[in-house]
Amino acid sequence: MTKTVAYHWHLRKVMNEHSMQATTELLPLLADRGVVMTSTQVYRIVTGEPERLNMRLLAALCDIFDCTPNDLIEPYVASSSWRGRKTGTAGSSTTPLPTGAKNRPTRAVITPAEN
């Protein structure tokens, strides 16, 4: 059995606790602390679970909300076993990828339309 580490990201919950509903409200607060991000980047950080997190951003969020990293990130251990794991594809007839594909998509080619 293999142990995998996962986490819950609670930034949206912490924002709600501080009566902050819009993700754009974070932009000037982060900029005041030297963290310059676009509104799209902030939206992704708030609504998703970031895979990587800049330490300056984490420190700025902790300062803005007067919290600790433990309030924002809740790690947990999820046990999984490769052999017994259910993938949801049992009984489906999927075509296996070619050996050299390595799960990479093929590049799209755009050609001009003929009139």
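Which residues does L30 touch, not counting residues up to four places away in sequence? The legends below take up this contact set and then turn to other parts of the chain. The model is a predicted one, in which local features need pLDDT of at least 70, side-chain atom pairs count only at pLDDT 80 or more, and totals for chains, interfaces and linings use all residues. Residues are numbered from 1 along each chain as its sequence is written, and side-chain values use heavy atoms, with hydrogens and water left out.

View 1. Helices (H or I, at least four residues) and strands (E, at least two) are DSSP runs, numbered from the N terminus. With residues up to four places away in sequence set aside, L30 touches V35, M37, V42, L57, A60, L61 and I64, where contact means heavy atoms within 4.5 Å. L30 has a relative accessible area of 2% and is therefore buried; buried means under 20% relative accessible area, exposed over 50%, and partly exposed in between (1.4 Å probe, protein chains only). Along the chain L30 and L57 are 27 residues apart, while their C-alpha atoms are separated by 7.7 Å.

**View 2. The largest nonpolar core, with 21 residues.** A nonpolar core is a set of buried Ala, Val, Leu, Ile, Met, Phe, Trp, Tyr and Cys residues joined through side-chain atoms within 4.5 Å. The members that touch the most other members are L11, L26, L30, L61, F65 and L72. At least two residues of this core are supplied by each of α1 (11–17), α2 (26–32), α3 (39–47) and α4 (55–65), and the largest share, seven residues, comes from α4. In soluble globular proteins, nonpolar side chains tend to be buried together.

**View 3. T24 in the loop between α1 and α2.** The relative accessibility of T24 is 46%, so this residue counts as partly exposed. T24 and T38, which are 14 residues apart in sequence, lie 9.1 Å apart in space, taken from C-alpha to C-alpha.

View 4. A search of the whole structure finds zero disulfides, a disulfide being a pair of cysteine sulfur atoms within 2.5 Å. C62 is in no disulfide, and the nearest cysteine sulfur to it is that of C67.
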